[in-house]
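User: Please take a close look at the pockets and cavities of this structure, together with the ligand and its surroundings. I am new to it and would appreciate one connected account.

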Amino acid sequence: MVQRVAVVTGGNRGLGFEIGRQLAAKGIGVVLTARDSARGEKAAKLLQGQGLNVLFHPLDVTDPAAISKLTDYMARVHGRCDILVNNAGILLGGRRTSVMTESLESVRKTVETNVYGPFQLMQALVPIMRKNRYGRVVNLSSGLGQLDEMGDGTPAYRLSKTALNALTRMFAAAAEGAGVLVNSMCPGWVRTDMGGPHAMRSVEKGAETAVWLATLPDDGPTGGFFRDRKRIAW
Ligand code: NAP
């Protein structure tokens, strides 16, 4: 059987770390990436210590040169990239920010990480998946990006997740018929640094749907938005 290889962004803590752990526990080779090498290496070592097949590679998702280096590494060393989990994300300014007063700087920074990062990573890695006729892309979105439920509060973050959902649809359409399934998911409100200590869910639970989407069978869905393995409105 083929040894599948996954790239997880923002893997040093929170949901990214847990998604990496759960994928590796399924026997998938995980390239855990992080923008801070010391923190990323520490996280990878922790998982290696549990007997898991996890390697570290540096990646700041806002750095096109770093994305190129990772792409080269995946092609040269692994000859494949079966799974991409676009997990790295930021939420600036707290939950009280209003669209009436949000700074353009905050919107720019947020979109840089939450949208342009995944955009460039999909442009770089989906071609490798298409060539191998196998790929699973999971975009960590949020209910806050749903147009259906759109309201005020965290406008930069909301805008970025709505845009990420649009990218999911575009890349799913572009990759159709090539064995590459591209989906968005909302993990729910999860106890991480971003979600805070009062969030309803554990990281284990929050990671579940991402891992399910990362390991879909060939006839699985593409171009969808999921929470708890069920479709939700855009
Ligand atoms: P978190 O605890 O704040 O962790 C965010 C991760 O993203 C960290 O590893 C961070 O690295 C990394 N990151 C940020 N900017 C980066 C960049 N430029 N390049 C590479 N990595 C970068 O957040 P989380 O709760 O685990 O969230 C993970 C994803 O789930 C995010 O996309 C978030 O929007 C989404 N989500 C979370 C919740 C929730 O309740 N927690 C709900 C809905 C959606 P550093 O350690 O270097 O900062």
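Analyst: **Pockets, cavity and ligand**

The second largest pocket holds about 190 Å³ of space. The model is a predicted one, in which local features need pLDDT of at least 70, side-chain atom pairs count only at pLDDT 80 or more, and totals for chains, interfaces and linings use all residues. Residues are numbered from 1 along each chain as its sequence is written, and side-chain values use heavy atoms, with hydrogens and water left out.

On a 1 Å grid over the protein atoms alone, a pocket is an open set of points with protein on both sides within 12 Å along at least five of seven lines, a cavity is a set where a 1.4 Å probe fits but cannot get out, and lining residues have an atom within 4 Å of a point. The second largest pocket is lined by Met1, Val2, Gln3, Arg4, Lys26, Gly27, Ile28, Ile83, Tyr134 and Thr215. By class, this lining has five nonpolar, three polar and two charged residues (charged: Asp, Glu, Lys and Arg; nonpolar: Ala, Val, Leu, Ile, Met, Phe, Trp, Tyr, Cys and Pro; polar: the others, Gly among them).

The largest pocket has a volume of about 970 Å³ (the space filled by probe spheres set on the grid points). Its lining consists of 39 residues, and Asn87, Ala88, Gly89, Ile90 and Met194 lie nearest the centre of the pocket. Helix 1 and helix 5 are the elements that give two or more residues to this lining (helices are DSSP runs of H or I, at least four residues, numbered from the N terminus). Helix 1 gives the most, with three residues. The lining of the largest pocket comprises 15 nonpolar, 15 polar and nine charged residues.

The largest pocket is also the space taken by the ligand (more than half of the atoms lie within 2 Å of the grid points). Around the ligand there are 29 residues (each with a heavy atom within 4 Å), of which Asn12, Arg13, Arg35, Tyr157 and Thr192 come nearest. Helix 1, residues 14–25, and helix 5, residues 155–174, each supply at least two residues of this shell. The shell has 11 nonpolar, 12 polar and six charged residues.

Several polar contacts (N or O atoms within 3.5 Å) can be located individually. A polar side-chain atom of tyrosine 157 is 2.5 Å from an oxygen atom of the ligand. A backbone N or O atom of leucine 15 is 2.8 Å from a ligand oxygen atom, and a polar backbone atom of valine 61 is 3.0 Å from a ligand nitrogen atom. The ligand on its own has 900 Å² of accessible area, and the protein covers 95% of it (Shrake-Rupley method, 1.4 Å probe).

The largest cavity has a volume of about 30 Å³, and Thr9, Val61, Asn86, Asn87, Ala88, Thr113, Gly117, Pro118 and Leu121 line it. Helix 4, residues 104–132, gives the most to this lining, with four residues. The cavity lining has four nonpolar and five polar residues, and no charged residues.

Notes
A polar contact is a pair of N or O atoms within 3.5 Å; within protein, one must be able to donate a hydrogen and the other to accept it, and residues adjacent in sequence count only if both atoms are side-chain atoms.
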